[in-house]
Amino acid sequence: FLHLDSVCQVLTIRSCQTLDSAQWPILVYTGLYSLLPGHGIAGTAENLVGAFGQEVFGCQCKGGKSSQGHCGFHFIWDRDEERPWCRTKYSCGWSDTLGSWAYCDEGGVERRRADDGKLYSAVEFKKFFKQVAEKQWDAAQKHSETRLPRRGIGKAYTVQEFRDYFADYRGEEGWLEEWVHATPETRQANDGKWYSFEDFV
């Protein structure tokens, strides 16, 4: 079932108690239920539109500095949610009280390195760390996955920076293709050779 803290996080309220089934009618009546992505106003349908109102094949994430603008797991869903999503441009996709959104490709979600040295997505942090997942995820921000573009730019980017760099020219599928073919960041060791994180450990 839904946790009230998910709603409170949308409303930037940090301390909430778990919502039990008897409180559902209150939640729906007050309209808070429609604040959650995936729980919009009954009867609404996916609206695939572009910049000029034209029909499009799929939606484009807002990206940049927009709240929830990048593809990911945003810590406001039901605990069992496993599909990444993003806030979209041009009112494309599904709608809730906070705007439009759409599901997106999990290959483009951010991953951060945990204490075991391995990379995990936010939903994987949720499964392992449970109630303290968001705190652990925030603490791992400086250990976000970075990759080097195959076009010889010579600078490593996080997945979000990667999208911001390539999306305008390559589009939603194009930037993801670039990310998939990019190589892990490498750093020079004392022996003068370059190694990835995995090579170091």
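**Entry 1: the sheet**

I began with an open sheet of three strands, in the order S1-S3-S2 with antiparallel pairing. I noted the edge strands as S1 (85-87) and S2 (94-96), each of which pairs on one side only. From one strand to the next, I read an average twist of 35°. I keep in mind throughout that this is a predicted model.

I then looked at how S2 meets S3. Strand S3 covers residues 99-103, and three bridges join S2 to S3, the two running antiparallel. I looked for the residue opposite Ser95 and found Ser100 in S3. As background, I wrote down that strands of a sheet pair through backbone hydrogen bonds, either parallel or antiparallel.

**Entry 2: the chain as a whole**

I recorded six helices and 10 strands in the chain. The chain has 201 residues, and 38% of them count as buried.

**Entry 3: disulfides**

How many disulfides does the structure hold? I found three, and I took them one at a time.

The disulfide of Cys59 and Cys92 has its sulfur atoms 2.0 Å apart. I read a torsion of about -80° about this S-S bond, so the disulfide is left-handed. Cys59 sits in the loop between H2 and S1, while Cys92 sits in the loop between S1 and S2; the pair links distant parts of the chain, 33 residues apart. I checked burial for this pair and found both Cys59 and Cys92 buried.

Next I took Cys61 and Cys86, which a disulfide joins with an S to S distance of 2.0 Å. Is Cys61 buried or exposed? Cys61 counts as buried because its relative accessibility is 4%, which is under the 20% cut-off. Cys86 is likewise buried, with a relative accessible area of 2%.

The remaining entry is Cys71 with Cys104, joined by a disulfide at 2.0 Å from S to S. I read 95° about the S-S bond here, and the link of Cys71 and Cys104 is right-handed. Cys71 lies in the loop between H2 and S1 and Cys104 in the loop between S3 and strand S4 (111-113), so the pair ties together parts that are 33 residues apart in sequence. I found Cys71 and Cys104 buried.

**Entry 4: nonpolar cores**

I turned to the largest nonpolar core, which has 15 residues. Which of its residues touch the most other members? I listed Phe73, Phe75, Cys104, Ala122, Phe125 and Trp137. The elements giving two or more residues to this core are helix H3 (122-129) and helix H4 (133-139). H3 gives the most, with four residues. Apart from this core I found another, of nine residues, including Tyr157, Val159, Trp175 and Ala182.

Cys104 belongs to the largest core as well as to a disulfide, so I looked up its surroundings. Leaving out residues up to four places away in sequence, Cys104 touches Cys61, Cys71, Gly72, Pro84, Trp85 and Cys86. Among these are its disulfide partner Cys71 and the two cysteines of the Cys61 and Cys86 pair.

**Entry 5: Lys62**

I ended with Lys62, which is placed in the loop between helix H2 (24-30) and S1. Is Lys62 buried, exposed or partly exposed? Lys62 counts as partly exposed because its relative accessibility is 42%, a value that falls between the 20% and 50% limits. I looked up its distance to Cys86, 24 residues away along the chain, and read 7.5 Å between the C-alpha atoms. Setting aside neighbours within four places in sequence, I listed the contacts of Lys62 as Gly69, Arg87, Thr88, Lys89 and Arg163.

Technical notes. Residues are numbered from 1 along each chain as its sequence is written. This is a predicted model: local features need pLDDT of at least 70, side-chain atom pairs count only at pLDDT 80 or more; totals for chains, interfaces and linings use all residues. Side-chain values use heavy atoms; hydrogens and water are left out. Two strands pair if DSSP finds at least two bridges between them. Axes are lines fitted to C-alpha atoms, for helices over the stretch in contact, and angles run from 0 to 180 degrees between N-to-C directions. Buried means under 20% relative accessible area, exposed over 50%, partly exposed in between (1.4 Å probe, protein chains only). Contact means heavy atoms within 4.5 Å. A nonpolar core is a set of buried Ala, Val, Leu, Ile, Met, Phe, Trp, Tyr and Cys residues joined through side-chain atoms within 4.5 Å. A disulfide is a pair of cysteine sulfur atoms within 2.5 Å.
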